Every structure is written in structure tokens, then in C-alpha cells.
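Hi,

Here is the structure I promised to send over. Have a look at it, and then read on for what turned up.

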Amino acid sequence: MSLPPIVHVRGLSKRFTVHKKAPGLRGSVRALFVRDKLVKDAVRGVSFEVGEGEIVGLVGANGAGKTTIVKMLAGIIHPTSGQARVLGHDPWKRHNDFRRQIALIMGQKAQLWWDLPAADCFLVLKEIYRIPADRYRRTLDYLADVLNIGDELNVQIRRLSLGERMKMELIAALLHTPKVVYLDEPTIGLDLSAQRAIRGFILEYRERHAPAMLLTSHYMEDIERLCERILIMREGEIVYDGRLDQVVRKHAGYKVLTIHLQEQVQGVCETPELAAVGEVQECNEELIRLHVPRREAATAAAHLLASYPVADLTLEEPEIGDIIERIMAAQKGAPA
């Protein structure tokens, strides 16, 4: 990065201790005197940086530690060990100068008051963040226009659809024009149209204001559309930190070769040529789909064209989501 990172994390870890209790009256009585403890390392020594204008995707299975990292960087929870600097501040000290420059948007939690119209909620936030009136009006008009939500500003939050409420949450989080934005599952539960609208808005906002953004999502389309760089987490550790487009080259040594046949070919799936070309994924009398070694993809395609009556042939990269899922599912200690 040409500019110093806005978010700087080194060796950050978080360990939780929870108490276990056996079911029933006996378990309850025993817990009064003897408490069994379970220690869970939610985050294990992670290190990374996020620069100005970057949207970095944080990807991992449930329980991998994504939200824990976001909460530590927002100052909500303290780390067990390690260091983090956000805009030059220690997040967990919660200085007002720090809080005025960050925003946390959680798709599964609401920050707006349920029985108030959004416009009234925004006025409260205007006073909390001490936003000058002219800047507040200008920012609100811009955000409402880009999100196409202006007509609903005076409607009670509880009467809005899920997609409309999420748009209001975005406005509330960005009214003070933060320099760091944490997005934790911002499109969860939304329909396809609302998801596209939220993604488009995030890109538009990034283009205009260039904040550092950290995004967690289980929707691969969010990651593919918004992030050029991703961090893949597995059991509290970062197992990949790099460009999204390099995940395929680094972790998939094959391409997907699909051919549609002009006519049905009896016994095509039993021919030894197929196994020699690649790993058969799908095969019938009209279609053949193979995983072929990346370096031999062109040769394999030429061989199939010469051997079968091909109507159409496609050679594609594997789905990024499938590769990431395989990395996340790998056993601890295995190569990522």
C-alpha cells in the first residue's frame, strides 16, 4: 500500500471462558459448588492491515472468529493478547475521537429505535455526533437519494420491510462520514433485489469517501462483487490473506471443462479416454464435465474435440465459493 494502513493488527487473540452445567436438578446443585469451565480460543494470533479505500472481505465458517475480530476492532470487546491500531487509536480504550470516526453495521442487530421514524432517529444521531446542520442535511440527502429511500424517512422503523430497515441502518451508521466502516453480514436475510442495492451503495460510498472497510459475509456474491482482497479464517486463524482472484490459482490446480455433444454417444462415460484426460465430475450421453489439470487444459480440450462430436465446449475457472469452502473445511494442520 502506498499510504500507511488505517487498520493495523498484530498477533491479536481472544480467548473466552464459559461455564458448563449438567442438565437437571443435580447438575444445578453441583454447579453451585463446582463449576466446569470450557476455554475457547475464538481468535488466534491474527495479523493484517487495511488501507484507505480498501474493502477487505473476512470469510470463514460459523465460529471461525470473524465477528469477534470486528468487535475487537470496534472496541466492543478486549483482546486477550496482541495489538491493534485503528486510526492511530487503541480501539478498546474507546476514546471519543476514535468513536467519531468509525461505524459498525451488523445485519443481525438494529441500532435504530423501533417506534420512531428514521428521520427522528437520525436527528438524535446528529446531536450525538455533533454534526453541523448543513453537513447533516447534505449527507442525509445524498445517502437517501443513493439508497432510493427518501419516501420512507418519516415511517416508523417497525413498519418498514427488512430491506428498507437495512438501508436506514446504513444511513444511520454513515451520517457522520466515518473513516473506518465495519460491515458484519450487511445483506443477511435480504432478497436479491435488496442485496444488489446494498452492494451497489457500498461501492458508490467507497468511491466517494474512500473509507477502510472490513466486510464479513456468508454470501459469496457479496465477497466477489465488493472485495479485491480477502482474509480466509479457519478455527480462529487466518489461513489466506491475498487477492481474491489469486485464490483460484493458488488453491485450485484444475479448470472445469464442459462439452455438450451434438448427438447421443452410447457408452461415452465408460471410455478410457475420459479418465486419461481428467477427473470426471458429470457424464451422460449428452454432456461431459471434467476437472482437468490447469497446465493441460488446452491439450485436453483439443483431445476431446477430436474424439467426440462436440456441439459446444466451455473451459472455466472453478467457482471461488467452492474453493474457499474447501479451504475452510480443511482439517486444522492440513495445508490450506
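**Rings, charges and a sheet**

The charged end of Lys14 lies over the ring of Phe16, 5.2 Å from its centre (that is, NZ of Lys or CZ of Arg within 6 Å of the ring centre and within 35 degrees of the ring normal). Arg208 puts its charged end over the ring of Tyr142, 4.0 Å from the centre.

Before going on: this is a predicted model, with local features needing pLDDT of at least 70 and side-chain atom pairs pLDDT 80 or more, while totals for chains, interfaces and linings use all residues. Numbering runs from 1 along each chain as its sequence is written, and side-chain values use heavy atoms, without hydrogens or water.

Back to Lys14: it stands opposite Val43 in β2. Strands β1 (residues 7–20) and β2 pair antiparallel over 11 bridges (pairing takes at least two DSSP bridges; strands are DSSP E runs of at least two residues, helices H or I runs of at least four, numbered from the N terminus). The open sheet has 3 strands in the order β2-β1-β4, paired antiparallel. Its edge strands are β2 (36–50) and β4 (81–86), each pairing on one side only.

As for aromatic pairs (ring centres of Phe, Tyr or the six-membered ring of Trp within 6.5 Å; planes under 30 degrees apart are stacked, over 60 edge-to-face, the rest tilted), the count is 1. Phe201 and Tyr205 make a tilted pair, 6.0 Å centre to centre with 40 degrees between the planes. They are about one helical turn apart because 4 residues separate them in helix α7 (residues 192–209).

Cheers
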